[in-house]
Amino acid sequence: MKRTRLALLLLPLALHSQSGFQLPTPKPIAPPPMPAPGQPARAPAPAKAGEPASPAPGSYPKNCDRCEDYPKLMKELKEQEWLRSKFHEYSPWSSYQLSASDVEDLQRRVTRSFNEWLNTPAGGGGAGAPAMGTNPDDCTLVFFVKGPDGKTTIKPYDEKWMRDHYCPTVLAFMKAHEASHQRTCRELGAKNKNFLTRPEFVAADEVKAYEAGIRVLEKAINDLAKRCHEEGTTATYKLDPNQKISPSTVYKTEEEARRIADLLERQQREADAQKNKNQGRK
Ligand SMILES: [Zn+2]
């Protein structure tokens, strides 16, 4: 079955910021504006074509296992929790669910709120920028790379590049975040993949992904706290760690999940029919 892919490719990457960060200026190369964990938010250094946006020098600690790194990790945790909570507001699990017209709109809204929050004293200043993501076609880890023309292309994930740019703790929680998306992607299967075009479903999947990252981050922080005689922290969670992300767990009722599945199927059929018609005309 042919599908219009790109819209649903933009599985959330996570946002991250550091104090004093500027809103990312248009950069030659960057993944789509989707919140992803742990990515430095300072305007990335101009990247060479085909290379993912790189953090500005010094924008993210090369080390995150020294006592002096403790406050940075705590700040990171606070941001990840904030983003998780914001996505939760757009999920069907929220009792006052916010709506977004599509996945891109969801990304835009969350990014905007995040940046607003960061620029308040509570947020510590800065702005978010994205990093790596999950390709829903095959559920693999990839880089989304935005070219100078604004078009996003998918590049293979490069572990070495990531290791060169992020300290192990940050990379670990980013990977836990993406692994959660990958799990959802695999479990949805081809039949239900269209749910990744639904903003409320994607928002729910983000809640899960952020919480997976937060667990890793919380543990790293508390390990460091022990070593450094700091107090440590207790992260808050909205989901049970075993919570799966599927239409029936995201929507309030099975009936609603089915109704949306039918709607998505109908839309897909119409899109396919339209495509065939257009091809026939050529
Ligand atoms: Zn995500």
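Two strands are taken as paired if DSSP finds at least two bridges between them. By that criterion, β2 and β3 run antiparallel and are joined by 5 bridges. Helices (H or I, at least four residues) and strands (E, at least two) are DSSP runs, numbered from the N terminus. The structure is a predicted model, in which local features need pLDDT of at least 70, side-chain atom pairs count only at pLDDT 80 or more, and totals for chains, interfaces and linings use all residues. Residues are numbered from 1 along each chain as its sequence is written.

The protein chain holds 8 helices and 3 strands. From the N terminus on, the order is α-α-α-β-β-β-α-α-α-α-α. Of its 282 residues, 42% are buried. A residue is buried if 20 or more other C-beta atoms lie within 10 Å of its own, exposed if 12 or fewer, and partly exposed in between; the C-beta atoms are placed from the backbone. Two residues are in contact if their C-beta atoms, placed in that way, lie within 7 Å. Among contacts between residues at least 6 apart in sequence, 69% join residues at least 24 apart.

The predictor's confidence in each residue is given as pLDDT, from 0 to 100. The protein chain averages 79, and 73% of the residues score at least 70. The lowest mean, 37, belongs to helix α1 (residues 6-9), and the highest, 97, to α6. The pLDDT is below 50 over residues 16-58, a stretch with 162 contacts in the model beyond near neighbours in sequence. Residues 124-130 also have a pLDDT below 50; this stretch has 47 such contacts. Where pLDDT is low, the predicted coordinates should not be read in detail.

The 3 strands form an open sheet in the order β1-β2-β3, with antiparallel pairing. The edge strands, β1 (132-135) and β3 (152-156), each pair on one side only. Neighbouring strands are turned by 50° against each other on average, direction ignored. Axes are lines fitted to C-alpha atoms, for helices over the stretch in contact; angles run from 0 to 180 degrees between N-to-C directions. α5 packs on the sheet and touches β1 and β2. The direction of α5 makes about 15° with that of β1.

With β1, the pairing is antiparallel over 4 bridges. Here Thr-134 has Leu-141 of β2 as its bridge partner. On the β3 side, Lys-146 is partnered by Thr-152. Phe-143 stands opposite Lys-155 in β3. Because 5 of the 7 residues of β2 are buried, this strand is largely enclosed by the rest of the structure.

The hairpin of β1 and β2 has 4 residues between the strands. Cys-139 is found in this loop. Its phi is near 65°, a positive value in a residue other than glycine. Cys-139 counts as partly exposed because it has 19 C-beta neighbours inside 10 Å.

The largest nonpolar core has 44 residues. Such a core is a set of buried Ala, Val, Leu, Ile, Met, Phe, Trp, Tyr and Cys residues joined through C-beta atoms within 7 Å. The residues with the most contacts inside it are Leu-73, Phe-87, Ala-203 and Leu-217. Two or more residues come from each of α2 (70-90), α3 (103-118), β2 (140-146), α5 (168-192) and α6 (199-228). The largest share, 14 residues, comes from α6. Leu-73 touches Cys-64, Thr-169, Leu-217, Ala-220, Ile-221 and Leu-224, not counting residues up to four places away in sequence. In soluble globular proteins, nonpolar side chains tend to be buried together.

Helix α6 has 30 residues, of which 22 are buried, so it is largely enclosed by the rest of the structure.

Just after α6 comes His-229. This residue lies in the loop between α6 and α7 (247-250). His-229 has a positive phi of about 55° although it is not a glycine. With 8 C-beta neighbours inside 10 Å, His-229 counts as exposed.
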